[in-house]
Amino acid sequence: MRLYEHEAKKIFRKFGISVPQGRVVSNPAEAREAVVELGKPVVLKAQVLVGGRGKAGGVKAAGSPEEAERKAAELLGVEMRGFKINKLLVEEKLDIARELYLGVTIDHTRGTPVVMASSEGGVDIEEVATKTPEKIALLHPDIRKGVREYETRRLIKQIGLKGRELLRTSSILWMLYRVFRAYNGEIAEINPLVITTDGNIVAVDARLNVDDHALFRHPEVEALRLERFESPLEREGQKRGVNFVDLKGSVAVMGNGAGLVMALLDAVKMVGGEPACFLDTGGGLSMERAESALDLLLMKADSDPDVKAIFFAFWFMITPAQEVTEGFINVIAKKKPQIPIIGVIQGVAADRAAEILEKAGIRCYPTIEEGVRAAVGVM
Ligand code: GDP
Ligand code: MN
């Protein structure tokens, strides 16, 4: 999971890395107020989960509250490299003397972290790596021992820093490694780390990617992930451990496997229907999760009058048929839904499962084509 710049900066600051003073805003009036509060010229930075915002016009300077308000209005709502800009980070504008690069990531060929520093900051580091690899200093620490300060000092010396700048930058790199390890990082990066004209050393940009499989160790990051789902039903899906994407259409669609559900959405469209949602239960479903998945579709149907039918397809193999049928029967007994529910069941013990579901009022079809036609109401 990639964090937003402002989220990463909050963590960096907690670990002792200096970041510019700033506020997150979501409308032009707030941008204006932020400049009044900060009382100095600012940069407005689009909060999107892609790099290269500077080049794409996503970083704009503003000298006054009025200018900030105007430029915020230009940025907010605009799409940048496939992401809509919903928030801006309004930060004090720094006077830059030098831009450096610091990063920690995993070197997959060695299976260890790699700590990197370069005198060429503020530019695409991949490009530095291909064109002038000698300008990047590298270190592969032993993860059992971590990084020692003398090691980061050696690295920063290699990129040409001296004296106070050397010590300060080395200590920031050491702290960046600690962030990386503490958060089960995939990438922790400062590009650029800026030396200001008055001699301060500040992380002007911040990137942190947390390993998705380690999110359970970081409840505060998991909470940030949940915040990103705009629809309450999508958040509910996350809580229930299923993949739910809210759409606008008449047929609520579910299946066990993302690829299967994608194919079901296509099938719905092919016979002239519109899918109302995407629900992937994943494999190895328990009775409880099957129950809560169908229950989520019923919530969708209750809250959205456009939904006219529920359509699902399950392939039983890793997912046990009995768990799913029992789960579905429980929900139907509890909620007594009026909306037609149409299913396609295949795989191990499929006939028996279909028979049980038919008794509970679910119309089962042997093929996706027949099922989807029934759901869309073409036949
Ligand atoms: P990215 O393009 O998405 O990586 O966004 P960055 O946060 O790295 O910003 C891009 C560039 O904008 C930086 O490399 C700087 O050159 C410039 N920039 C960002 N903040 C400031 C600032 O406070 N002062 C000045 N002068 N330039 C800034
Ligand atoms: Mn950057």
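Two strands count as paired when DSSP finds at least two bridges between them. Keep that in mind for the first stop, and remember throughout that this is a predicted model.

**Stop 1: the open sheet**

Select G22 and E91. G22 stands opposite E91 in strand 6. Now widen the selection to strand 1 (22-25) and strand 6 (residues 88-92). The two run antiparallel and are joined by four bridges.

Next, bring in the rest of the sheet. Four strands make it up, in the order 1-6-2-3, with antiparallel pairing, and the sheet is open. Which strands stand at the edges? They are strand 1 and strand 3 (59-62); each has a single partner strand, so one side of each is left without a neighbour in the sheet. Direction ignored, neighbouring strands here are turned by 20° against each other on average.

**Stop 2: a loop residue with positive phi**

Select R81, in the loop between strand 4 (79-80) and strand 5 (83-84). Its phi is near 45°, a positive value in a residue other than glycine. R81 is exposed, with a relative accessible area of 51%.

**Stop 3**

Move to W174, in helix 6 (residues 163-182). Leaving aside residues up to four places away in sequence, W174 touches V147, R148, E149 and T152.

Then select N184, in the loop between helix 6 and strand 10. N184 has a phi near 50°, again a positive value in a residue other than glycine. Its relative accessibility is 22%, which counts as partly exposed.

**Stop 4: the manganese ion**

Show ligand 2, the manganese ion. Which protein donors does it have? They are N191 (O) and D205 (OD), lying 2.2 to 2.3 Å from the ion. N191 lies in strand 10 (residues 185-196), and D205 in the loop between strand 11 (201-203) and strand 12 (207-210), so the pair ties together parts that are 14 residues apart in sequence. Both N191 and D205 are buried.

While N191 is selected, look at its bond to P192. A cis peptide bond joins the two, with omega about 10°. P192 is found in strand 10.

**Stop 5: helix 9**

Finish with helix 9 (residues 258-270), which has 13 residues. From its first C-alpha to its last it reaches 18 Å, close to the 18 Å expected at 1.5 Å a residue. Colour V261, L264, L265, A267 and V268, which are buried. They cover an arc of only 160° around the axis, which puts them on the same side of helix 9. An α-helix has 3.6 residues a turn, so residues three or four places apart point the same way.

Turn to the other side of helix 9, where G259 and M270 are exposed. What covers the buried residues? The cover includes strand 14 (251-255), strand 15 (275-280), strand 16 (309-316) and helix 13 (368-376).

Terms used:
Residues are numbered from 1 along each chain as its sequence is written. Chains are lettered from A and ligands numbered from 1 in the order in which they are written. This is a predicted model: local features need pLDDT of at least 70, side-chain atom pairs count only at pLDDT 80 or more; totals for chains, interfaces and linings use all residues. Side-chain values use heavy atoms; hydrogens and water are left out. Donors are N, O and S atoms within 2.8 Å of the metal (3.2 Å for Na, K and Ca); water is not among the atoms, so sites may look incomplete. Buried means under 20% relative accessible area, exposed over 50%, partly exposed in between (1.4 Å probe, protein chains only). Axes are lines fitted to C-alpha atoms, for helices over the stretch in contact, and angles run from 0 to 180 degrees between N-to-C directions. The expected span of a helix is 1.5 Å times one less than its number of residues. The arc is that of the directions from the helix axis to the C-beta atoms. Contact means heavy atoms within 4.5 Å.
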